[in-house]
Amino acid sequence: MKYVQVDTQSDPHSNAHPTTEKQKHLSNMLANELLALSLNDAHADAFGYMYATIPSNTKKNVPVICFCSHVDTAPDCSGTNVKPILHKQYNGEDIVLPDDNTQIISSEMFPYLKEHIGHDIITASGLTLLGADDKAGVAIIMDLVNYLTKHPEIKHGAIKILFTPDEEVGQGTDKIDLKKLGADFAYTLDGGAAGTLEDETFSADGVKVTIHGVIAHPGDGKNKLVNAMKIAGEILTALPFELSPEATEKREGFIHPVGMEGVAEKATIQFLIRDFITANLAKHEAVLKNSIEKVLASHPKASFEFEVKEQYRNMKEVLDQYPQIVTNATEAIQRVGLNVIKEPIRGGTDGSRLSFMGLPCPNLFTGMQAIHSKKEWIGVKDMKHAVQMLVHLVQVWEEKS
Ligand SMILES: [Zn+2]
């Protein structure tokens with residue numbers, strides 16, 4: 001309730017780190033709260049990253065585990081003057097948000113709400129997002145620290161706490177200092193429904209296609225002018241529908257045009273290429289290239305360039321090398337009494353990047369729902385379960401070391 005009231009919206013158009021200064025307000029607040037809980041190395045750096053350590057209290061040699069959440073909220077929806085509302089013992093009826101009564105949260109739209117009847121839930125007031133993504137993760141980690149400092153009988157290895165800025169604009173790992181962090185393995189707390197354990201993401205490439213036409217005065221264009229924009233249109237029309245996001249689900253990959261720019265002489269199209277199997281990216285890229293070559297065959301004076309850029313990779317390739325990260329989390333979720341929900345993420349997370357930077361990092365649930373919207377909500381019960389999961393998780397690592 002307190003953390004969501006700090007405006008921490010990140011900005012995709014900024015080149016600064018953090019992209020917005022205001023994210024530091026929360027990072028600094030969290031560092032101060034952790035100092036008050038006797039985590040003596042807690043500090044936020046100039047880039048808005050907050051680092052802290054809970055020292056080990058066991059004689060065993062336990063791998064250093066990091067828990068990580070992002071402080072920023074999505075640019076999609078205002079995060080200014082968030083007024084969180086605690087709905088005690090939710091009664092199952094539609095929730096009309098008071099500051100804009102066209103914003104209605106219903107169990108018809110969100111069937112998961114039904115699992116929270118009789119329990120407390122938190123929403124925003126109708127004008128902003130809530131920011132449970134990812135301040136729920138922040139709150140869960142803070143409560144873990146609070147709990148562990150009051151329960152020294154719970155044995156655990158060294159635990160690193162990391163809060164990052166700019167996750168929502170894809171820059172959450174840009175200025176991270178993994179050496180300073182000094183963790184062996186990490187978990188992001190940035191997932192949805194209770195029990196969720198995400199260890200698999202897309203592998204992702206970006207492709208930029210540049211089409212070069214031939215320019216001539218249109219009054220004198222006959223048999224000379226070759227319009228690059230029209231060729232771009234033909235390329236889009238020729239894309240195989242069965243390989244589009246509109247036609248794929250679950251473990252299927254796709255080719256997705258996301259942006260186009262052009263004048264008659266030159267046009268560019270940006271594509272996202274996605275698949276769970278990294279080797280399939282090259283196959284999809286070959287399909288795309290082939291279909292462009294076919295289109296260009298009927299425009300012999302035109303030419304094209306095809307640039308592939310790696311974006312991120314399926315974290316499972318890394319996590320499979322350290323199976324205990326996922327088996328220990330599975331055990332912890334089961335000890336809470338929850339069923340483990342494992343679904344591949346049709347997207348990426350900071351954990352995908354971290355995993356390939358040398359910090360293997362799956363994603364755990366917080367309870368957040370309807371994120372990036374004014375209807376965002378979260379069940380308090382799920383957050384409590386997430387804290388319990390972390391308390392079990394640090395013990396599982398200690399027991400198995
Ligand atoms: Zn998030």
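**Exercise 1.** Determine how strand E9 and strand E15 run and how many bridges join them.

*Solution.* Step 1: strands are DSSP runs of E with at least two residues, and helices are runs of H or I with at least four, both numbered from the N terminus. Step 2: E9 covers residues 185-191 and E15 covers residues 363-365. Step 3: the two run parallel and are joined by three bridges; two strands pair if DSSP finds at least two bridges between them. Step 4: Gly191 stands opposite Phe365 in E15.

The model is predicted: local features need pLDDT of at least 70, side-chain atom pairs count only at pLDDT 80 or more, and totals for chains, interfaces and linings use all residues. Residues are numbered from 1 along each chain as its sequence is written, and side-chain values use heavy atoms, leaving out hydrogens and water.

**Exercise 2.** Describe the salt bridge between Lys342 and Asp199.

*Solution.* Step 1: a salt bridge is a side-chain nitrogen of Lys or Arg within 4 Å of a carboxyl oxygen of Asp or Glu; here the N to O distance is 3.5 Å. Step 2: Lys342 lies in the loop between H7 (324-336) and H8 (350-357), and Asp199 in the loop between E10 and E11 (203-212), so the pair ties together parts 143 residues apart in sequence. Step 3: Asp199 is buried at 6% relative accessible area, whereas Lys342 is partly exposed at 45% (buried is under 20%, exposed over 50%, partly exposed in between; 1.4 Å probe, protein chains only).
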